[in-house]
Structure formats: structure tokens, C-alpha cells
Amino acid sequence: MYRELSKLIMFREFEEDSILTNLADIMREIDEYDSQEYDEDEDNEFDRDEIIDEIYGEIHKLLEIGTNYGFDKNLWHDYITFVIVTNENPYSLTSERTDEQDGSVNTIVLRDMMVFNRLFNFDFSKLEERLGIDCFSIVSNYKSIHKRSQIYNRNVSKKVRALSDAIEENLKNVEGMDFISDEEKERVAAENTLALVTDFYRSYGVGMFGLNTAFRIDEKTGEFSPINNTDSVMLDDLIGYEIQKKKLRDNTESFINGSPANNVLLFGDAGTGKSTSIKALINEYYDSGLRMIELYKHQMRQLSTIISEVKSRNYKFIIYMDDLSFEENETEYKYLKAVIEGGLETRPDNVLIYATSNRRNLIRETWNDTNDVELDKHRSDTLQEKLSLVSRFGVAIPFVRPNKKEYEEIVSTLGKRAGDLGLTEEELMQAANKWSVTHGGMSGRAAQQLIDSLQ
């Protein structure tokens with residue numbers, strides 16, 4: 001295995017503490033021991049237990065990856081495929097942006113695919129026999145214990161497993177071509193694998209951004225962390241608010257298509273679907289290259305760093321800030337103002353900021369603001385400073401509480417979607433009105449909570 005890894009050129013860099021490189025080091029250690037000549041009088045006994053312990057450690061990590069991503073059947077095949085699709089290098093990064101590659105690069109990558117094909121079907125039987133273990137045989141014929149209720153990254157699982165199965169099928173088909181030489185088989189298999197992998201890069205991209213839909217910033221490391229259990233809601237699931245949804249769709253589609261688009265502020269009453277509307281966008285436009293980064297208020301200082309890391313990628317990023325508001329003594333909004341409009345560096349074309357707030361002006365106003373009036377009767381500088389943040393959102397969409405008729409329509413529709421609740425329509429409306437009194441008034445959120453309670 002270590003001999004194969006040394007032949008890689010384009011795909012040479014692996015993540016720290018990679019299973020692949022660690023196993024290769026273990027096999028090198030065994031081969032070096034077996035190849036040496038020892039004096040009969042010296043104590044040169046092979047530490048078999050230590051080597052097995054190291055191998056089991058790597059198998060444990062392989063099982064963790066399988067659990068995290070819902071891999072099944074042949075964990076080794078899925079792992080090698082995962083390594084390929086997450087390896088960010090000049091070829092993979094270029095492939096997600098363009099359909100053409102230089103001929104010399106193709107020659108280099110083709111050789112790398114030959115290596116990966118050999119790693120894909122690597123024969124662990126001699127190692128197992130040498131050490132008296134069977135762990136590789138087990139993970140090569142693995143049955144997942146996942147249940148539907150378990151949370152793992154299904155988005156990644158589906159794509160990686162599909163590519164893994166395609167590579168496996170490719171290698172089987174080429175192996176059956178008895179009319180060509182072994183050398184020709186290896187070349188054809190590598191060409192087919194390269195075509196499959198390149199199509200994957202063009203369709204989904206490479207690495208973390210290619211495989212996942214949404215991210216947050218890790219508090220400890222400051223790095224992007226995929227969000228695995230995103231809501232599967234779509235915009236049409238939100239009842240009513242057709243004008244608001246159309247404005248949001250129009251702006252987002254312009255953004256994805258490369259046309260001019262604005263930062264968006266969704267403001268208004270609590271429980272009216274502001275957050276739900278934004279979350280639905282990644283489900284509707286993921287295949288068009290839309291990705292979302294969730295950012296909290298206390299992370300506002302990291303905005304410039306985040307944007308610098310994504311501005312060169314071939315995706316459209318919405319930086320999502322939920323329930324955004326600032327108290328009088330909070331100054332984090334200044335970082336947001338500078339990024340949206342006002343800093344020396346312009347915001348890249350592939351980044352927009354979408355925020356929700358229960359406040360129209362985002363920053364809490366006090367009577368002191370309105371009393372601080374200059375002699376020429378203009379509004380105070382203090383008030384203008386606060387209002388200038390809102391003006392940087394080119395699209396502001398209001399979400400207001402539904403009236404009684406609209407609220408009952410929401411409850412009725414949600415009730416029909418839920419199935420038999422054991423209530424007549426009249427009984428359901430009575431329950432809805434009682435519920436609104438004790439749960440913050442009439443809103444889509446209250447309606448959904450009622451239906452969940454009845455279910």
C-alpha cells in the first residue's frame with residue numbers, strides 16, 4: 001500500500017492522521033521487519049500485538065466514518081471513494097469550475113486513478129493471514145445497523161455510495177474484458193474511474209462544500225463544520241405569504257444565475273415563517289450550487305475571514321443570521337455594516353447575507369436617540385448610525401401575524417397534511433383558537449405546535 005501511495009502526484013496530500021497513510025506506515029513497518037536479517041543471538045521478535053493494536057485503531061476510525069456517513073456493504077470501497085471526492089487539489093478544484101482540463105494534467109491524474117483503483121481493490125488477505133486477524137474481511141462485507149431515526153449525513157452518504165458502487169461496477173466490467181491485455185485493462189479502468197470522478201466534481205464539487213448543504217463555524221477551531229441534520233422543509237410547505245416567498249425566490253434565483261442580487265432582511269412577528277423560508281432555500285437550490293453558512297451574532301468578527309475562504313469557490317453562499325438584533329451597548333453590527341457595504345474590499349459576487357429579525361431596525365432604539373436632535377431639526381447622528389445597518393439590506397420582506405381567518409386556514413391545511421387527528425373541522429378550529437390564547441397568539445408556529453400536539 002505504501003508503494004502505491006508514493007506513486008500519487010495530484011492526489012498526494014491527505015488529511016492529518018489519515019487511515020490510508022497510517023495503514024500504509026504499518027505495512028511498511030511489517031515489510032521492513034520481514035526484509036531484515038537478524039543475528040540469531042539477538043532478541044528481534046516481531047511485536048505482533050502492538051501491530052494488531054495499531055490496525056484495530058484504524059479499523060475503529062473506519063467504522064466511525066461509516067457510522068457518521070451511513071456507509072454500508074464495503075466500508076473500504078466507500079472510504080477510498082470518500083478520500084477521492086474530498087481531496088482538494090488543483091485538478092478537483094478546477095473540475096468543479098470548468099469542463100476542460102489540460103492534456104498533461106489528465107495524464108498525471110489518469111496515473112493517480114490507476115493507483116486508486118488498485119487501492120480500491122487492495123488485497124488484505126496476506127496481511128490478515130500474517131497477523132491472524134479478519135477485521136478487513138469484516139468491513140469489506142459490512143451490514144450497517146443504521147435506523148431511520150438515527151442522524152447521519154444522508155446527503156454525503158447517498159452521493160459517496162453511488163460513486164463507490166459505480167467504481168466497483170466499472171472495475172468488475174473491465175476485469176471481464178478477456179479480449180484485451182492486463183495493461184490495457186488497467187488503462188481502460190482508470191479512464192472510466194477518472195470520468196466518473198470528474199463528472200462527480202462537475203455535478204457536486206469537491207470536499208466539504210461539494211458534499212454538504214449547510215455549515216456553521218466551530219467555536220473552538222474557527223473552521224467550517226457541516227450541519228448534518230438540516231430541515232427538509234420546502235417553500236411550498238409554508239402556507240400563505242405568497243408575495244414574501246416570491247420576493248425571496250426571485251432574489252435568490254438572480255443570485256444563483258449570476259445576475260445582480262441583494263442582501264435580504266426578513267423582519268416581523270415571531271412564528272410567521274421567516275427562518276423556515278430561508279432554511280427552505282438550501283433544499284430548493286442545492287443542486288444549483290447554493291450553500292448556506294449559519295453565523296451567530298457573537299461570531300460577527302469572523303465575517304471577513306469566512307468570506308475570504310469561500311470567495312474563490314464555485315458555489316453561491318448565503319450567510320444566514322437568525323433572529324438578528326442588537327442591544328444599545330452592542331457594537332458587533334459595525335462588522336456587519338463594513339462587510340455588506342463600506343469596507344475597502346468589495347463583497348464577492350458569490351456571497352449574500354440573509355438575516356431574520358423581529359425588529360425592523362435591528363438595533364434597539366431608545367428615547368435618548370430621538371431626543372438627541374440637532375438644531376437644524378435633522379434626525380440625530382446616533383439614530384442615523386443605527387438605521388444605516390438596515391439600509392444596507394437591499395431587500396426587506398415583512399412577515400406579519402395572520403388574521404383569524406388566515407390562522408384557521410393554516411391550521412386546517414396542516415391538519416389535512418397530518419392525516420386523521422380524530423377531530424371534526426369545527427372541533428379543530430375550537431382547539432386552534434384555545435391554543436393561540438395560551439401559546440403566544442395566532443401564528444404559523446402556533447398552528448404547527450397544535451398539530452404536533454394533537455398527533
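Arginine 3 forms a salt bridge with aspartate 31, their closest N and O atoms lying 3.7 Å apart. This pair joins distant parts of the chain, since arginine 3 sits in helix α1 (residues 2-5) and aspartate 31 in helix α2 (residues 19-35), 28 residues apart. A salt bridge is defined here as a side-chain nitrogen of Lys or Arg within 4 Å of a carboxyl oxygen of Asp or Glu. The structure is a predicted model, in which local features need pLDDT of at least 70 and side-chain atom pairs count only at pLDDT 80 or more, while totals for chains, interfaces and linings use all residues. Residues are numbered from 1 along each chain as its sequence is written, and side-chain values use heavy atoms, with hydrogens and water left out.

**Overall composition**

The chain has 20 helices and 7 strands. These elements are DSSP runs numbered from the N terminus, helices being H or I of at least four residues and strands E of at least two. Of its 455 residues, 45% count as buried. Buried denotes under 20% relative accessible area, exposed over 50%, and partly exposed the range in between, with a 1.4 Å probe and protein chains only. Among contacts between residues at least 6 apart in sequence, 77% join residues at least 24 apart, a contact being heavy atoms within 4.5 Å.

**Salt bridges**

By the rule given above, the count comes to 23 salt bridges.

| Pair | Closest N to O distance |
|---|---|
| Arginine 3 and aspartate 31 | 3.7 Å |
| Glutamate 242 and lysine 245 | 3.2 Å |

In the pair that opens this report, arginine 3 counts as exposed because its relative accessibility is 53%, and aspartate 31 is partly exposed, with a relative accessible area of 30%.

Arginine 161 is buried, with a relative accessible area of 14%, and aspartate 78 counts as buried at 1% relative accessibility.

Glutamate 242 and lysine 245 both belong to helix α12 (residues 242-256), where they are 3 residues apart, about one turn of the helix. Lysine 245 has a relative accessibility of 2% and therefore counts as buried.

Salt bridges also link Glu4, Lys7, Arg118 and Glu186 in a network.

**Lysine 158**

Helix α9 also contains lysine 158. Lysine 158 is exposed, with a relative accessible area of 65%. Its C-alpha atom is separated by 8.8 Å from that of tyrosine 69, 89 residues apart along the chain.

**Packing of helices α19 and α20**

Helix α19 (residues 425-438) and helix α20 (residues 444-454) pack at an angle of about 120°, their axes 10 Å apart. Axes are lines fitted to C-alpha atoms, for helices over the stretch in contact, and angles run from 0 to 180 degrees between N-to-C directions. The two helices α19 and α20 are therefore oblique to each other; angles under 35 degrees count as roughly parallel, over 145 as roughly antiparallel, 65 to 115 as roughly perpendicular and the rest as oblique.
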